[in-house]
Amino acid sequence: MSKTEGTAPTTRISSFLLLVVFVTLALSFVALIFGISTIDQSSEAASVLLLLGFLGVALSTYVLFQTRRRLAKMRIVVPPVVTTIECKKCGFKNVREFQRGDYIFKEGEPCQKCNDKMLITAIYREVKDKEKGHVSV
Ligand SMILES: [Zn+2]
């Protein structure tokens, strides 16, 4: 129960994709080098190789940037989990970060106002709106 399993499956997928991208990049560079070296012998073959090389480099860098942007987005988007604790007696409400072992209707720390025992009433992900009250459309 004490072990943390925080390895997301997305990291495995992205590392595989990274491998594919790098293989494509390497092959494209080989094509570019061959294209440059054959430029004197036959311009047709050289141009085809150069085109393939440039295409490969462009495609792999595009995919790389897209996945990096997506990963960065995923990291930012995950909002924190918060716990709401309420006092049944005086109605005092406290919101704090979720702690291990929190569950709904668990007795929390004593109330800051009346010192009565507080109750956890909600556990949820806090989704922050970037522009609250700024209604467009
Ligand atoms: Zn209270």
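Visitor: What makes up the largest nonpolar core?

Guide: The largest nonpolar core has six residues in all, namely Ile85, Cys87, Phe92, Cys111, Met118 and Ile120. The term stands for a set of buried Ala, Val, Leu, Ile, Met, Phe, Trp, Tyr and Cys residues joined through side-chain atoms within 4.5 Å. Strands E1 and E4 each supply at least two residues of this core. The model is a predicted one, in which local features need pLDDT of at least 70 and side-chain atom pairs count only at pLDDT 80 or more, while totals for chains, interfaces and linings use all residues. Residues are numbered from 1 along each chain as its sequence is written, and side-chain values use heavy atoms, with hydrogens and water left out.

Visitor: Which residues does Phe92 touch?

Guide: Not counting residues up to four places away in sequence, Phe92 touches Ile85, Glu86, Cys87, Cys111, Gln112, Lys113 and Met118, where a contact means heavy atoms within 4.5 Å.

Visitor: How do you know which residues coordinate the zinc ion?

Guide: Donors are N, O and S atoms within 2.8 Å of the metal (3.2 Å for Na, K and Ca), and because water is not among the atoms, sites may look incomplete. The SG atoms of Cys87, Cys90, Cys111 and Cys114 lie at 2.2 to 2.4 Å from the zinc ion, and in sequence these donor residues are spaced C-x2-C-x20-C-x2-C. Cys87 belongs to strand E1 (residues 81-87) and Cys111 to the loop between strand E3 (107-110) and strand E4 (117-125), so this pair ties together parts that are 24 residues apart in sequence.

Visitor: Why is the arrangement around the zinc ion called tetrahedral?

Guide: Four donors count as tetrahedral if all angles lie between 85 and 135 degrees. The four donor atoms around the zinc ion subtend angles of 106 to 115°, so the arrangement is tetrahedral.

Visitor: What makes E1 largely enclosed by the rest of the structure?

Guide: Five of the seven residues of E1 are buried, and therefore the strand is largely enclosed by the rest of the structure. Buried means under 20% relative accessible area, exposed over 50%, and partly exposed in between, with a 1.4 Å probe and protein chains only. Cys87 and Cys111 are both buried, whereas for the protein of 137 residues the buried share is 20%.

Visitor: How do you know which strands pair with E1?

Guide: Two strands pair if DSSP finds at least two bridges between them. E1 and E4 have seven bridges in the antiparallel sense, with Ile85 bridged to Ile120 in E4. E1 and E2 (residues 93-97) also run antiparallel, joined by five bridges; Thr83 has Arg96 as its bridge partner in E2, and Thr84 stands opposite Val95. E1 and E2 form a hairpin with five residues between them, and Gly91 in the turn has a positive phi of about 80°.

Visitor: What counts as a helix or a strand here, and how many of each does the protein have?

Guide: Helices (H or I, at least four residues) and strands (E, at least two) are DSSP runs, numbered from the N terminus. By that rule the protein has two helices and four strands, in the order α-α-β-β-β-β from the N terminus on.

Visitor: Why is Leu50 called buried, and why is Leu49 called partly exposed?

Guide: Leu50 has a relative accessible area of 18%, which is under the 20% limit, so Leu50 is buried. Leu49 has 25%, which falls between the 20% and 50% limits, so Leu49 is partly exposed. Leaving aside neighbours within four places in sequence, Leu50 is in contact with Leu32, Gly35, Ile36 and Ile39, while Leu49 touches Ala31, Leu32, Phe34, Gly35 and Thr38.

Visitor: What makes the phi values of Phe105 and Asn115 worth a remark?

Guide: Most residues other than glycine have a negative phi. Phe105, in the loop between E2 and E3, has a positive phi near 75°, and Asn115, in the loop between E3 and E4, has a positive phi of about 65°. Phe105 has a relative accessible area of 61%, over the 50% limit, and is therefore exposed; Asn115, also at 61%, is exposed too.

Conventions
Tetrahedral: all angles 85-135°; square planar, octahedral: opposite > 155°, others 65-115°.
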